[in-house]
Amino acid sequence: MSLSRRQVTTAALAAVPLAAAATSAAAAPAAAASAVRQARKIYIAGDSTAAQKYTNAAPETGWGMALPFFLNNGLTVSNHAQNGRSSKSFIDEGRLDAILRVIRPGDFLLIQFGHNDAKVDDPTRYTEPWSTYQSYLRRYISGARARGARPVLATSVERRKFDSAGKAVSTHGDYPAAMRALATQEGVTLLDIQALSIALWQRLGVEQTKTYFNWTATEQDNTHFNPPGAIAVARMVAKELLRHRVLTPQDTRRLDSEIPESWITWPAA
């Protein structure tokens, strides 16, 4: 039986909403996938120099607290750094496992250890630079890669130490060199924060560096930062992430802008 022209036209018009619905349904997964790609995180595994600080520690500030000021394009920071941890104790306490349970493809794992790995009298934290230190760091690298995330190594930010001639002195022994060698072996991006920070402390000099570290009326702390110091180190990290093409220009902001100290806040413990 042949169809009239009106019947053919009616059938064609009825199919339009179905086609539109099919197109919309096909586009929905793509849109959802795009949203997932945009919701990327930088996970920080590290020690007290990067860690979140609370009201009872103010004005001490970890550089991880300031890193979000330099990020854009949906990037967020999940700061798992903890006071006093080494590459070994962080793993032994299950903190790396906690990250690996939630990290996703497209995320980043930023790894900075070394300050506490050198505690030779503490077997719960000590690692030897060219053996156990590198072995533990490999576990962070392989764990991130297995989940489709990108590992990034960062040498330890330098302490404030000067010799009698006013020259900034390295305090981390072989740990930075061991991390640099491991990054080459494993093909991992390295942010050489130790080299950049000691160069900055040298430019600032003995007195001005005090305004970057946690020097207060009751404390002279040459390891941990106050807000200006944390902001300066976070800026270094962000610039290096961009320079090494871990992040794109669209991922970063304010790299050369003044960041008010008042942006740093310390939540209740």
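Colleague: How many of the six residues of strand β1 (residues 41-46) are buried?
Modeller: A quick word first: this is a predicted model, where local features need pLDDT of at least 70, side-chain atom pairs count only at pLDDT 80 or more, and totals for chains, interfaces and linings use all residues. Residues are numbered from 1 along each chain as its sequence is written, and side-chain values use heavy atoms, leaving out hydrogens and water. Strands (E, at least two residues) and helices (H or I, at least four) are DSSP runs numbered from the N terminus, and buried means under 20% relative accessible area, exposed over 50%, partly exposed in between, with a 1.4 Å probe and protein chains only. By that cut-off β1 is mostly covered, and the number of buried residues is five.

Colleague: Is Ser78 buried or exposed?
Modeller: Ser78 is in strand β2. Contact means heavy atoms within 4.5 Å, and, leaving out residues up to four places away in sequence, Ser78 touches Lys41, Ile42, Tyr43 and Ile44. Its relative accessibility is 17%, so Ser78 counts as buried.

Colleague: What is the order of the strands in the open sheet?
Modeller: The sheet has five strands with parallel pairing. Its edge strands, each pairing on one side only, are β2 and β5 (189-191). Reading across, the order is β2-β1-β3-β4-β5.

Colleague: What angle does the direction of helix α5 make with that of β4?
Modeller: Axes are lines fitted to C-alpha atoms, for helices over the stretch in contact, and angles run from 0 to 180 degrees between N-to-C directions. Helix α5 (residues 129-146) packs on the sheet and touches β1, β3 and β4. Its angle to β4 is about 155°.

Colleague: Where does Pro59 lie, and is its peptide bond from Ala58 cis or trans?
Modeller: Most peptide bonds are trans. Pro59 sits in the loop between β1 and α2 (63-66). With omega near 10°, the bond from Ala58 to Pro59 is cis.

Colleague: What is the phi of Arg245?
Modeller: Most residues other than glycine have a negative phi. Arg245 lies in the segment after α8 (227-243), and it is exposed, with a relative accessible area of 73%. Although it is not a glycine, its phi is positive, at about 60°.

Colleague: Which helix gives the most residues to the lining of the largest pocket?
Modeller: A pocket is an open set of points on a 1 Å grid over the protein atoms alone, with protein on both sides within 12 Å along at least five of seven lines, where a 1.4 Å probe fits; lining residues have an atom within 4 Å of a point. The largest one holds about 300 Å³ of space, a volume being the space filled by probe spheres set on the points, which are joined across faces, edges and corners. Of its 14 lining residues, those closest to the centre include Tyr212 and Pro228. The top contributor, with seven residues, is α8.

Note on methods
Pairing = 2+ DSSP bridges.
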